[in-house]
Amino acid sequence: MGGGKYETQMCVIIIEDIFGKIVAKVMETILKESCQLATLMLKLKGQMTTVLIKKALTTLINFGFVTFNLDNNHRATYVADADQIQYVISAPRACLIAKTLYGPTAESICIELISQGRLTVSETIRRIKAADESAVWSDIKNAFGELAASHFLIRVPPVESEIYGCPQFVANFDPFAMPNAIMEKNETNSSELSTSDSNSRKRKADSSPEDADAGQYWRLNWVRFNGYLRDELIIDYLIGGESTATMTHLNVKREEGEEVPQVDRTQYITQNVAHLMFKINETRANPLSLENITASVTDLQRLVRENSLDLAKPDIELACQILVDESDGIVRKLGDSNGGLYTVDIRHAIRQICRHHCESLIREQFEGRAIRVMRLLESRHYLDEEQVEKLSMMSGKEAREMLYALVEEGYVFNKPVGRSTDFQPARTFYLYYVDLPRTVRGLVEYNCKLVRNLILRQRHERAENKALLDKDANVQPIIENIRQSDASEEEKELSIKEVEEMYLPGPDRAQLNRYRRSQATLLAAQDQSIRVLLAFKMFLTI
Amino acid sequence: MSGRGRGGGSSNTMRSVANALGIARYDMAKMMSQQKIEPPELYPKVQRNPVPIEMTTDLLYVSRLKVELDQRMRDSQFFIEAEKEDEIKRYLDKYSIIKREKLDIDMSQMPSELVWRRTSKKEAKESRAKKRKIANDDSMLKEKLNRLEEKEGKNDEEGDEEKPDDDKDSGSEKSAAEEEENPLSDDDNQEEDNDYISNYFDNGEGYGDGGSDDNMDGDEY
């Protein structure tokens with residue numbers, strides 16, 4: 001845990017947005033201090049009933065935001081998990097990844113799992129079929145299997161026994177094994193249902209006594225998604241531009257003979273080779289491990305054949321050479337075994353990404369010269385004010401301005417070193433230095449504040465435009481009906497226009513469009529800032 | 001004298017201010033009254049204009065999906081709202097409530113102290129089994145009566161324990177031990193949808209926990 005003030009606030013506001021105020025209040029109490037049920041009830045005594053507290057707590061546990069364990073006095077203690085909450089914002093991005101890698105059924109699976117927390121395979125299938133009639137049973141099952149095989153889904157440990165009212169979980173089990181039997185559709189079992197007592201009344205058509213894989217719950221493996229996002233970030237940094245789009249493009253199964261657009265051959269080669277290097281790393285046990293990835297040319301050749309790209313050996317070697325030259329120390333050549341051994345230094349890459357973000361922030365707030373100062377200080381560690389002035393070739397006044405501005409925002413820090421035993425100002429050196437982890441910690445808090453403000457602003461806009469949105473929701477079914485009626489095209493258009501004019505006059509519609517655009521911008525900003533937050537957090541764990 | 005000093009002092013400062021500003025003294029009062037105080041700016045000033053965000057297809061998809069997901073979460077069973085306590089019944093109330101499913105989670109994965117349903121599952125199962133068997137066999141009456149007795153006896157101690165339990169802070173060991181592993185949800189759901197049945201059959205078991213179904217319904221909403 002160990003989040004600062006803004007991080008806690010951000011988590012609380014995320015929960016409040018999707019679960020409501022009650023759950024948010026419970027979450028806040030647990031975030032501040034992990035406690036037991038009795039303590040929790042005491043803290044929230046006047047504010048809500050115990051039933052609501054229990055419901056809120058079960059919801060949070062269901063989604064994995066709160067975990068529990070038995071302490072020494074044999075009572076269950078509840079601990080909040082702030083990281084899980086932050087993954088909620090990157091939820092749509094995870095769905096996008098699943099969709100581009102494995103198709104739209106995988107996307108529906110992800111959506112179901114996100115909105116329900118945890119589900120068994122059978123329940124997922126049932127829900128998808130309820131939402132979308134045309135889904136094919138075997139399709140869904142295959143997609144599920146693929147997601148599990150590439151570790152994007154992980155199983156919740158099954159309950160083994162119960163001690164002091166608290167379920168104990170199985171310690172060693174394979175977290176990615178698919179269940180052997182999945183419940184078939186109810187028609188085959190309806191004869192059994194009518195004889196058994198407890199289900200002689202078939203209230204809901206889908207209620208079944210026991211699924212074959214009941215109790216085997218699956219959830220999204222956010223750690224793996226984070227690893228994937230990290231790879232994307234690094235490739236973006238290395239190559240830039242449309243590279244990440246190509247990465248997922250690479251993994252999609254293509255039909256035979258489909259033409260790959262040959263825009264720029266070098267670009268194409270380098271992108272693909274970089275992606276392949278990361279693919280080697282894909283199903284490692286811990287996707288967030290910071291070990292270097294080593295890849296030899298023969299490995300890359302094998303992957304090229306597997307993915308049916310048209311890259312010959314000299315192409316691969318050329319790409320590796322370019323990467324080594326251009327990536328500023330991230331990709332290095334280790335040796336010549338197996339046709340050439342190359343390594344990707346992940347720690348270095350993340351450090352570069354964070355520096356890059358810091359620099360762009362400085363450029364936005366101050367000027368380009370401030371970046372010069374910062375780079376100078378980073379390479380030379382401790383410098384006096386005069387030395388900065390001399391080495392950066394700026395006038396004294398400018399150098400002083402830049403330095404003070406940087407210190408104020410927390411990119412550069414000051415260290416007084418005394419010449420004599422006392423710290424008399426005239427006789428101390430004031431040394432400036434750059435301490436990147438400290439800066440990044442401050443930036444993490446800043447980022448959390450940013451995300452929180454974005455969410456609040458979105459909520460505010462939603463509340464303001466609520467009336468308009470409701471009207472729009474009412475108009476849509478009418479328009480649908482008109483479209484499906486058997487009138488000619490012209491008549492349909494006319495009536496649609498009439499309806500729109502009646503319910504949503506011009507300025508209202510303009511307002512609605514403006515709202516939609518601002519909502520899209522806010523959400524996109526949230527997505528981007530969470531990616532940056534991810535990069536910063538990874539840097540702090542180095 | 002002090003007044004004069006003060007008066008003298010104040011007129012002195014006024015005169016110096018007016019001189020500094022280059023306007024006549026009598027104009028100052030007029031200016032002060034005319035000066036309107038504007039509300040502070042909506043957005044703080046930034047030194048540079050921020051770079052606008054580029055909406056790639058990725059981001060467009062992400063934002064649309066997020067809107068849908070949000071809406072889904074808000075309409076789901078997990079969105080918990082406190083019951084509004086308003087004596088005045090408003091006409092728009094019935095249009096403003098959002099229909100949600102009842103909260104239904106597999107409780108076997110959680111500590112048993114978190115179970116919020118009042119009556120225990122065993123009782124519910126037994127009472128249902130009883131209601132069904134009534135139509136079947138007359139000879140079952142004796143069995144039924146025996147079980148009723150048993151249940152009433154257990155019910156008294158359970159009913160007393162369960163109710164103050166909810167108000168007390170700790171979950172009792174007894175109710176925890178009596179809870180079975182199977183999910184409560186299935187049976188309880190059927191129990192609550194059985195409003196019809198509970199009104200239809202009044203087989204005299206209702207003294208100890210009469211109207212328990214009603215109690216549960218009132219509790220859930």
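Good morning. The structure is a predicted model, in which local features need pLDDT of at least 70 and side-chain atom pairs count only at pLDDT 80 or more, while totals for chains, interfaces and linings use all residues. Residues are numbered from 1 along each chain as its sequence is written.

I begin with the chain as a whole. Chain A has 23 helices and 12 strands, taken as DSSP runs numbered from the N terminus, with H or I over at least four residues for helices and E over at least two for strands. Of its 542 residues, 47% count as buried, that is, under 20% relative accessible area with a 1.4 Å probe, protein chains only.

I turn now to an annotated region. An unreviewed UniProt entry places the domain "RNA polymerase III subunit RPC82-related helix-turn-helix" at residues 9-68 of chain A; such annotations may be inferred rather than shown by experiment. Over residues 9-68 of chain A, the chain is 73% helix and 8% strand.

Next comes the sheet. In chain A, three strands form an open antiparallel sheet in the order β1-β3-β2, where pairing requires at least two DSSP bridges between two strands. Because β1 (35-36) and β2 (66-70) of chain A each have a single partner strand, one side of each is left without a neighbour in the sheet. β1(A) is joined by two bridges to β3 of chain A, residues 76-80, and Q36(A) stands opposite T77(A) in β3(A).

Finally, helix α2 of chain A, residues 21-32, packs on this sheet and touches β2 and β3 of chain A, contact meaning heavy atoms within 4.5 Å.

Methods. Chains lettered and ligands numbered in written order. Heavy atoms only, no water. Buried < 20%, exposed > 50% of the residue type's maximum accessible area, 1.4 Å probe, protein only. Axes fitted to C-alpha atoms, helices over the stretch in contact; angles between N-to-C directions.
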